[in-house]
Amino acid sequence: MAEPSGTAAAHSSDDAMRRWLGLAVGYHSARYLDQIVAFKTVAGPGGVDGLPALYVWEVAHCREPDGMRWAFIVWDVSGGGVRFRDCADRDEAMALYALPTERGIAAVQGCPGVYLRRSAQTA
């Protein structure tokens, strides 16, 4: 899947959000059964490449043959990655969604995910 701004670091928060949007659209287009229940942007602690750390938090569910699957998804907009935490039900997913920023980020630290490797930068 091609990214709108390549894999290089974003030069602004707007670039980072455009890069994330391309990735998110591709992911949710491929998984057409996912239904987003809640969605918000979160400013995180610290920064990446001189920009504020930005995150997008989602709660989504998908109907599968063995029942409903719920997930708390944290997109690391600034860092070019995503982590997925499976949840037992809507209540668990929404409880994670309601956590303060640092605790929500910590809640997905050990979860499966992917981060894009950035290409070499030229000065």
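# Rings, charges and strands

Colleague: Is F72 buried or exposed?
Modeller: This model is predicted, so take the values as computed ones. F72 has a relative accessibility of 0%. The cut-off for buried is under 20%. F72 therefore counts as buried.

Colleague: How many aromatic pairs does the count come to?
Modeller: Ring centres must lie within 6.5 Å to pair. By this rule the count comes to one.

Colleague: What form does the aromatic pair of W57 and F72 take?
Modeller: A pair of rings is described by the distance of the centres and the angle of the planes. For W57 and F72, the centres are 5.4 Å apart and the planes make 85°. Planes over 60 degrees apart get one name. So this pair is edge-to-face.

Colleague: How many residues apart in sequence are the parts that W57 and F72 tie together?
Modeller: W57 belongs to strand β2, residues 51–64. F72 belongs to strand β3, residues 67–76. The pair therefore ties together parts whose separation in sequence is 15 residues.

Colleague: What is the relative accessibility of W57?
Modeller: W57 counts as buried. Buried needs a value under 20%. For W57 the value is 1%.

Colleague: Which residue has its backbone oxygen 2.9 Å from a polar atom of the R19 side chain?
Modeller: R19 is in helix α1, residues 13–30. R19 is buried, with a relative accessible area of 3%. The side chain of R19 has a polar atom 2.9 Å from the backbone oxygen of V77.

Colleague: Over the face of which residue does K40 lie?
Modeller: Look for a ring whose centre is 4.4 Å away from K40. That ring belongs to Y97.

Colleague: In which sense do β1 and β2 pair?
Modeller: Strand β1 covers residues 35–48. Ten bridges link β1 to β2. One of the bridge pairs joins G47 to P52. The sense of the pairing is antiparallel.

Colleague: What is the phi of D49 in the turn?
Modeller: β1 and β2 form a hairpin, with two residues between them. D49 sits in that turn. Its phi is positive, at about 55°.

Colleague: How many salt bridges does a search of the whole structure find?
Modeller: Side chains of opposite charge can pair when their charged atoms come close. The cut-off here is 4 Å. The search finds three.

Colleague: Which residue forms a salt bridge with E92?
Modeller: The closest N and O atoms in this bridge are 3.9 Å apart. E92 is partly exposed, at 27%.

Colleague: Is D86 buried or exposed?
Modeller: D86 has a relative accessibility of 55%. Exposed means over 50%. So D86 counts as exposed.

How values were computed. Residues numbered from 1 in each chain as written. Predicted model: local features only at pLDDT ≥ 70, side-chain atom pairs only at ≥ 80, totals over all residues. Heavy atoms only, no water. Phe/Tyr/Trp six-rings, centres within 6.5 Å; stacked < 30°, edge-to-face > 60°. Helix = DSSP H or I, 4+ residues; strand = E, 2+ residues; numbered from the N terminus. Buried < 20%, exposed > 50% of the residue type's maximum accessible area, 1.4 Å probe, protein only. Lys NZ or Arg CZ within 6 Å of the ring centre and 35° of its normal. Polar contact = N/O pair within 3.5 Å; in protein donor to acceptor, adjacent residues only side chain to side chain. Pairing = 2+ DSSP bridges. Salt bridge = Lys/Arg side-chain N within 4 Å of Asp/Glu carboxyl O.
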